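I opened the file to look at helix packing. My notes follow the structure.

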Amino acid sequence: MITLLDYGAGNVRSVRNAVLKLGGEIREVREPADILQADKLIFPGVGNFGSAMASLQERGWLAPLTEYLRAGRPYLGICLGLQTLFEASAEAPGVAGLGLIKGVIQRFGAPEGVATGDFPLAIPQIGWNGLAPRLDSPLLADCQQEKFYFVHSYRAAASSENRDWVLAETTYGEDFISAVQMGAVAACQFHPEKSGPAGLTLLANFLRAEKLAVTERPAPPDRAPSAAADPSRRGATRPAKRIIACLDVRNNDQGDLVVTKGDQYDVREAADGVVRNLGKPVELAERYYHEGADEITFLNITAFRAFPLEDQPMLEVLERASERVFVPLTIGGGIREFTDAHGRFYSALEVAARYFRAGADKISIGSDAVTVVEAYLARGRQKDGRSSLEQIAERYGSQAVVISIDPRRVYVRSPAEAPRHHVIPTAFPGPAGEEYCWYQCTVKGGREGCDLDAATLALACQELGAGEILLNCIDKDGTNSGFDLELIQLVKGAVTIPVIASSGAGKPEHFSEVFIATGADAALAAGIFHRHEVEISEVKQHLKRHGIETRD
Ligand code: 1PR
């Protein structure tokens, strides 16, 4: 019996689903006394350190949780469930943590004085990375060589004061603590419930273990001493480039929800005008999970037409997918405020909350991001905290907010023709021999163009709190001709958050090309996977042969 400490933020459904899949039973903490009655407690925290601590305080959970932890009773903290064990966090200055472990959580790159822009990798870390174990623990049995899924901008660092707690460290530009354990109290910075078979193994270890004792591990020479004592030691683990399978979903003309796929966003067959049907969303998602997809993205491509929350099938798709798929799920389409047919107003935050509760780890905002950025730029880059993007990022954390950009090339003869936009010289001249282009943002699935370019949109969204960019390209979509490297380079150079390259993948070589040429953090494809032209494992084997790190 597992007791789940759910303080109302983020995707707790996945933890519940993973425990149930492993044959465990779940009890929710409803009142403070439930904490001290727990046999084993899981605290899956996501979002902001300050709001997590405030929420524990408001619910009266802080005192029993502290008592439970100080008694050394079985505990597994996840993500913020690890960070809150420390004394404080730079994410919420002045807010005390649970104080079990010495140290203050800092943002990646700090406090060594590295300006965020100089940090060598994208922040947040979103993706798969390995563990360098410092102790032997039954918790890591049969999975310590594997990669796990991390999502965070803040991290704990090992020091002489907390070294006894450090179960594993991980390298992401610098070394940080990826797991802690003392007796039966353990916590991990990564998300085991989203880490595929490796994560399920770790959770099963926690569920089944009678005792969770750690034993000192004699450190092998290349891993000793710990990074805390020798900051020059680097490279213990390597973050993987992610391969994402994307499912564009919509109703076909018979009203069935199907996975479709367009050519340059046109999803109707040329011959008979019927919506292309490539399968059922949940079944396909499950297939890609078993084939090794690092993440699954669902895009509800006609959500701009309907009232988003009336699109119950999409919520059901997420609920069912999250019972079977244990890697991150992103949902896009229709994340915006709206008023329903009865005049009831729904904020974008409410819409997103429904999707998170249904099993989404991240939401993706497309058309509404353009509206938000146009208003932000018109205000002279003043934030007002009211936009969908800002509100969702504030409540669920930046890492949960992806911006989906649907740009199209606009050719110009010289940069002077589009002075307000990021114009680049292109190696692929336009129809009249134009040697420059800019990338025009579109809304409503490419149906309307805007006076905004992709790099400007991406940077403004980052400023407003977005955690990741999903960079499509209408010209390349469905063409199998490779990613638009010029576009991806441009946007990757404009932001410090992770960029997912999308549109145009036709063969494994396109993936190595995009990672090497642009430094993209992840690559997404649809058509080649749906049509069985290339398997995900083939892409990964190819990347490995080219020295590009992937998750096995
Ligand atoms: O504007 O917030 O309601 O979100 C709508 C979402 O739906 C956006 O993310 C937008 O990209 C997406 N969308 C809208 N219309 C289409 C369409 O295809 N007609 N699909 C569409 C976008 C693009 C990719 C695709 C890649 C890879 N799909 O995600 O999966 O291009 O394809 P490939 O590997 O086959 O080349 P909102």
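**Entry 1: H10.** I noted that the model is predicted. I began with the length of H10, residues 367–378. Its twelve residues should span 16 Å at 1.5 Å a residue, and I found the end C-alpha atoms 17 Å apart, which agrees. Next I looked up burial. Asp368, Ala369, Val370, Val372, Val373 and Tyr376 are buried in H10. I then asked what covers the buried residues of H10. The cover includes strands S22 (362–365), S23 (401–405), S26 (436–443) and S27 (448–453). Helices H11 (388–396) and H12 (454–464) are also among the covering elements. Just after H10, I found Gly380 with a positive phi of about 70 degrees.

**Entry 2: H12 and H13.** I moved on to H12 and its packing with H13, residues 485–494. The angle is about 30 degrees, and the axes are 9 Å apart. The two helices are therefore roughly parallel, since angles under 35 degrees count as such. H12 and H13 make a right-handed crossing. From H12, Ala454, Ala455, Ala458 and Leu459 meet Leu487, Leu490, Val491 and Ala494 of H13. I sorted this contact by class: eight nonpolar residues, no polar and no charged.

**Entry 3: H14 and H16.** Here I checked H14 (residues 508–518) against H16 (residues 536–545). They pack at about 50 degrees, with axes 8 Å apart. H14 and H16 are therefore oblique to each other. H14 passes H16 in a right-handed crossing. Pro508, Glu509, Phe511, Ser512 and Phe515 of H14 meet Glu538, Val539, His542 and Leu543 of H16. By class, I have five nonpolar, two polar and two charged residues in this contact.

Terms used:
Residues numbered from 1 in each chain as written. Predicted model: local features only at pLDDT ≥ 70, side-chain atom pairs only at ≥ 80, totals over all residues. Heavy atoms only, no water. Axes fitted to C-alpha atoms, helices over the stretch in contact; angles between N-to-C directions. Helix = DSSP H or I, 4+ residues; strand = E, 2+ residues; numbered from the N terminus. Parallel < 35°, antiparallel > 145°, perpendicular 65-115°, else oblique. Left-handed = near helix turned anticlockwise from the far one by under 90°. Contact = heavy atoms within 4.5 Å. Nonpolar A, V, L, I, M, F, W, Y, C, P; charged D, E, K, R; others polar. Expected span 1.5 Å × (residues − 1). Buried < 20%, exposed > 50% of the residue type's maximum accessible area, 1.4 Å probe, protein only.
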